[in-house]
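Dear colleague,

I am handing over the structure below, and after it you will find my notes on what turned up in it. Please read them with the structure open beside you.

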Amino acid sequence: MSNLSRTQSVRKHVLETRGGVVASQHRVAAEIGAAVLAAGGDAVDAAVAVSFAVGVVEPWMSGPAGGGAMVVWREGEQQAHSVNFGMRSPAGLDPADYPLSSDGKAGDLFPWPAVEGDRNVQGATAIAVPGTVAGMELAHATWGRMAWKDLVLPAAELAAKGMLVDWYASLIIASVARDLAKDPDAAAMFLDDGVWPKSAGWTAISDIRLDQGRLADTLRRIAEGGARDFYEGDIAVAMAADVQAKGGSLSQADLAAYRPVLAPALKTSYRGGTIHTARGLTAGANLVECLAMMEAAFTPASAPDGTSYAEMARALSVAYARRLREMGDTGEAEGSGTPSCTTHFSVVDRHGNMCAVTQTLLSVFGSRVVSPSTGLLMNNGIMWFDPEPGKPNSLAPNKACLMNVCPAVGSKDGRRFAIGASGGRKILPAVLNLTSFLLDFDMSLEAAFHQPRIDNSGGGAILADETLPQPVLAALAAVHPVTAPRRTVFPYAFACPAGVLRQDGMNMGCTEIMSPWGDAVPETEGA
């Protein structure tokens with residue numbers, strides 16, 4: 001039985017504007033992006049600024065030392081593009097260094113066999129080659145209008161001040177304090193005396209800030225010297241040396257060789273509309289697969305009902321079974337066979353250009369390792385690989401990671417939206433839920449984000465919002481056993497989405513209603 005109030009109501013209001021809008025999991029990052037739009041920047045310029053800023057104010061979710069993907073909509077071309085900046089395993093990685101344990105399944109985000117000492121989950125041995133900075137560089141070079149320096153420096157200024165540790169930050173830090181204490185540099189940044197979580201206190205107004213001075217220096221170097229400094233310059237040298245000193249295999253050569261991939265987005269028709277998703281080893285192809293199954297399985301009623309939710313759950317069951325069985329980097333081109341604590345943000349500018357960007361360190365706090373020379377919290381992308389040999393996604397050197405990210409841009413009847421979510425394997429179900437609400441039932445953006453969701457991300461069990469009507473819960477129970485949790489601030493039973501929508505020249509945005517930090521900010525507020 002839950003201890004939580006049954007009378008409390010939480011809502012977020014969606015406002016319309018002719019200016020651009022940024023929807024991010026952290027309001028401060030959204031404000032920085034909105035200021036870029038107000039200064040005349042493109043949606044891509046705003047996305048670059050938000051990418052670096054959110055890595056400072058939400059450092060355990062993403063940052064320069066992570067990876068991800070984005071879908072970019074260009075209004076003038078009427079075309080969508082995919083930028084994949086996923087992480088890769090280092091060329092010097094040896095799978096023999098990750099022996100299987102007798103402890104059963106891994107304890108984090110994937111159903112892989114456990115590895116001795118969790119070497120693929122935390123510590124320097126879990127660090128993959130990061131791609132976020134290169135992805136932002138490629139998008140900016142292709143579509144950006146403002147100077148790179150002006151987009152990165154706001155994040156450096158945030159880091160120089162240090163992230164404010166409020167009650168929510170205290171909660172997140174406390175949830176992983178035991179593991180952070182294992183790395184002296186992570187402990188120095190996030191813990192007091194190397195043990196206790198930095199805390200805002202219960203009733204006090206917090207003025208505690210993280211010491212992110214070294215990160216500020218690194219961001220200034222990226223701003224002044226460009227992204228190549230991160231991959232080929234002094235930052236690369238320092239980062240690789242730090243990781244190797246802690247036992248990892250990331251090298252300068254790995255960083256210098258990294259390249260993101262720009263390609264046309266995956267495109268599919270659905271219910272008279274169109275969906276564009278990210279290519280590569282993302283969940284984009286799985287979203288396309290789910291939509292095809294749903295379109296064939298039912299005709300929408302006037303509102304989501306037991307049939308629509310049940311068919312969504314069935315589609316997810318099929319997609320996840322095949323995803324975990326067949327998908328991985330086999331060295332072949334993407335085809336029909338083509339799993340985080342993450343952040344997502346969506347941007348629309350006043351001209352109708354859009355970006356849906358999902359970026360991640362993978363687990364919360366990534367590898368729980370900080371590079372002392374750069375102040376960067378490092379990813380644990382190696383956990384994305386199946387440590388058992390002989391499978392498409394088996395761990396191997398110089399191999400792309402299989403990501404859960406699923407940014408998408410959709411349109412129908414004059415409306416266009418950009419959406420995505422954070423939450424590991426829960427991302428695809430969240431994006432599918434929202435796409436169905438918007439295209440099957442023509443919901444407003446505000447209604448779609450407040451509509452109860454389900455999650456069926458593998459494992460033969462369904463999570464369904466407890467506020468769903470009993471007939472819907474019964475229909476879901478006919479598919480798989482159902483657990484009906486509350487939608488809460490922490491922990492999240494469901495993924496944490498963010499999206500923007502444009503209709504008749506008016507723009508709007510919304511974020512997960514339970515997120516205390518997430519917000520949609522119009523450019524007039526960022527000015």
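Asp455 stands opposite Leu463 in strand S18, in a place where two bridges join strand S17 to S18 (residues 462-464) and the strands run antiparallel. Strands here are DSSP runs of E of at least two residues, helices are runs of H or I of at least four, and both are numbered from the N terminus; two strands pair if DSSP finds at least two bridges between them. S17 and S18 belong to an open sheet of three strands with the order S17-S18-S19 and mixed pairing. Its edge strands are S17 (454-455) and S19 (482-483), each of which pairs on one side only.

Before going further, please keep in mind that this is a predicted model, in which local features need pLDDT of at least 70 and side-chain atom pairs count only at pLDDT 80 or more, while totals for chains, interfaces and linings use all residues. Residues are numbered from 1 along each chain as its sequence is written, and side-chain values use heavy atoms, with hydrogens and water left out.

The hairpin of S15 and S16 has two residues between the strands, and in it Asp413 takes a positive phi near 50°.

Two other aspartates have a positive phi, and each is found in a loop. Asp193, with phi near 60°, is placed between strand S6 (191-192) and strand S7 (196-197), and its relative accessible area of 72% is why it counts as exposed. Asp504, with phi near 55°, is in the loop between strand S20 and strand S21 (506-511), and it too counts as exposed, at 67% relative accessibility. In the loop between S19 and S20 (496-503) lies Pro491, and the peptide bond from Phe490 to Pro491 is cis, with omega near -5°.

Side chains of opposite charge can pair when their charged atoms come close. The count comes to 29 salt bridges, a salt bridge being a side-chain nitrogen of Lys or Arg within 4 Å of a carboxyl oxygen of Asp or Glu. One of them joins Lys198 to Asp192, with the closest N and O atoms 2.8 Å apart; Lys198 is buried at 12% relative accessibility, whereas Asp192 is partly exposed at 32%. Another joins Asp217 and Arg220 (2.9 Å, N to O), and because these are three residues apart in helix H8 (residues 213-225), they are separated by about one helical turn. Arg350 forms a salt bridge with Glu523, the closest N and O atoms being 2.7 Å apart. Arg350 lies in the loop between strand S11 (341-348) and strand S12 (354-362) and Glu523 in helix H17 (residues 523-526), so this pair ties together parts that are 173 residues apart in sequence. Salt bridges that share partners also join Arg6, Glu466 and Arg486 into one network.

Finally, the count of disulfides, meaning pairs of cysteine sulfur atoms within 2.5 Å, comes to zero. Among the cysteines, Cys401 is buried at 2% relative accessibility, and Cys496 is buried at 5%.

Key
Buried < 20%, exposed > 50% of the residue type's maximum accessible area, 1.4 Å probe, protein only.
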